[in-house]
Every structure is written in structure tokens, then in C-alpha cells.
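Here are some friendly notes to read with the structure open beside you. Take the points in order and find each residue as you go.

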Amino acid sequence: KYKMPISIRPMCFMVQCINELPRYKDKSDSLYRRQLIIPFGKCFTGAERKYIKDDYLSRQDVLEYVLYRVLHMPDYYELSEPAACKRLLEEYKEYNDPVRAFLNETLEAANWDFLPAPFLYDAYKGWVAENCPSGKMTGKNMFYADVMEAVKNNPDWYWPVDAKGKKMDVRVGNKITMDVLEPLYLQYGLAYTWADRFQNPTVLSSSKYTGLLRKIPRIKPNTNSPTNTGEDAKD
């Protein structure tokens, strides 16, 4: 007999018990906000209590109670997120994404209000060599994409883009001061073309780059600085 096809829309709730956190190629917030990772801090080992399975799970009154609870349980459309779950999710984001781990560690130490993309990638290579010497290096273009994804909700930094999402150039000008020593340069020994009158690595070899821009400048612009010769940042 010919059977008519039927449409099915699964409305599943999936629970998985895992011994270690998984790794995904997807590093977007779309993935993370769909996960609720619950830490289990207790370990129950020792003598097995077989009566729980042999007795409780076969008793009529226990089964009726479970059925009653299921039938009378209120509808839940969202799960609560305890603080322990939120902390573990943030740890998982770093575990799943080395670029995010690099940013969380280095952005707090940055002095400059603008971190050019090539400089940032050089710092990342130094960070990987120091922290993950046997790890796989993320390619430059993928690194930039991962950085842009990681800072979408960052309260302090952003990557300037236009209305179409295309990366915008930032020109060092009166609104951006970079004539102070950047500790990331010294920490990772970056081989870059920098020069100023004190032989400190504080002047860009080019006046225009894409990269990360601090939302609220922490450095007061120095109008006498040799770096302040271009246009203002395009933000």
C-alpha cells in the first residue's frame, strides 16, 4: 500500500552525560547560548546500592509518583542558569577556542587603545609558542574571523566594520595615542618595524590598519606625538 508522507517537527530536549568537554569547530555564540553545561562536583563510588534499582524502580507507588509528577509538572520553556553553570561555560569557551583564551589573557595587559591586526597576530603566535607549543596554529584569516566573533559582546573592545560587515581601516590620528610602550611587544619579542626617538617599539610602520579598537580610550592623546599625523580613526 502507498503511504502518504507525514511532516515531523522534533521538539526534543537532549541531555548528554560526558566525562570531558567536547571540542567543536563552531566557536560562535549561537552554539554557546544553546548549551547549558552542568558541573558535577561529587563522585559517588564504593559499594553499589542495588536496592535502588531492584526495589525502588520496580515499586508501583514509586512509578505512580513519577508519572504524577510528569503529568502535573508546569511547562518550562527556559532552563535556569546557575552561577556555577555560567562560570563553566566561560571556561569552556576558552577550552574550545584558543583565540578567545589568548584575547582574555592579553587584552587586559594591552596599553594601546588600538591593536593592529598584524601586530595582534604576531602576539598570538608568541602566545601559542609559550602556552601551546604542540598545538596547531590558527591561520591568519581564520584568526581574524575568530577575534571578530570573540569580541562581539566584549564591553571594552571592538573590531570596526562598515554596514556590510567589511573590516574598516583605522588611521592613527588625534583620537588614538600609541606613543607609549606596549607590553605585548616586549612579552612576546615581536619582530616588527617600529621606531621612535627613544628606540621604543611605539610607532607603527604604517599609519593605517584594521584591528581591535578600545571603546573608551585609556590613554590621553598626545598632539605632539609623531604618531598623530594621520586622520582620525574611522569609527
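1. Let's start with the strands. β1 (residues 114-116) and β5 (residues 211-214) run antiparallel and are joined by three bridges. Strands here are DSSP runs (E) of at least two residues, helices are runs of H or I of at least four, and both are numbered from the N terminus. Two strands pair if DSSP finds at least two bridges between them. Before you go on, a word on the model: it is predicted, so local features need pLDDT of at least 70 and side-chain atom pairs count only at pLDDT 80 or more, while totals for chains, interfaces and linings use all residues. Residues are numbered from 1 along each chain as its sequence is written, and side-chain values use heavy atoms, leaving out hydrogens and water.

2. Which strands make up the open sheet, and in what order? The order is β1-β5-β2, three strands with antiparallel pairing. β1 and β2 are the edge strands, each pairing on one side only. Strand β2 (residues 157-158) is joined to β5 by two bridges. Look at L213 in β5: F114 has L213 as its bridge partner, and Y158 stands opposite L213 as well. W157, in turn, is partnered with R214 of β5.

3. R214 also takes part in a salt bridge with D113, with the closest N and O atoms 2.7 Å apart. A salt bridge means a side-chain nitrogen of Lys or Arg within 4 Å of a carboxyl oxygen of Asp or Glu. D113 lies in the loop between α5 (98-106) and β1, and R214 in strand β5, so this pair ties together parts that are 101 residues apart in sequence. D113 is buried at 2% relative accessible area, and R214 is buried at 11%. (Buried means under 20%, exposed over 50%, and partly exposed in between, with a 1.4 Å probe and protein chains only.)

4. The count of salt bridges comes to seven. Another one joins K93 and E90, at 3.3 Å between the closest N and O atoms. These two are three residues apart in helix α4 (residues 83-96), which means they are separated by about one helical turn. K93 is buried at 11% relative accessibility, whereas E90 is partly exposed at 45%.

5. Y51 and Y56 form an edge-to-face pair, 5.9 Å centre to centre with 85° between the planes. (Rings of Phe, Tyr and Trp, using the six-membered ring of Trp, pair if their centres lie within 6.5 Å; planes under 30 degrees apart are stacked, over 60 edge-to-face, and the rest tilted.) Y51 is partly exposed at 41%, and Y56 is partly exposed at 36%. The pair of Y144 and W159 is tilted, at 5.7 Å and 55°. Y144 sits in helix α7 (residues 140-150) and W159 in the loop between β2 and β3 (170-171), 15 residues apart.

6. Are Y144 and W159 buried or exposed? Both are buried. They also belong to one aromatic cluster, which includes F102, Y121 and W127.

7. Finally, T210 lies in the loop between β4 (208-209) and β5. T210 is buried, at 17% relative accessible area. Beyond its neighbours within four places in sequence, T210 has contacts (heavy atoms within 4.5 Å) with residues including F114, W159 and D169.
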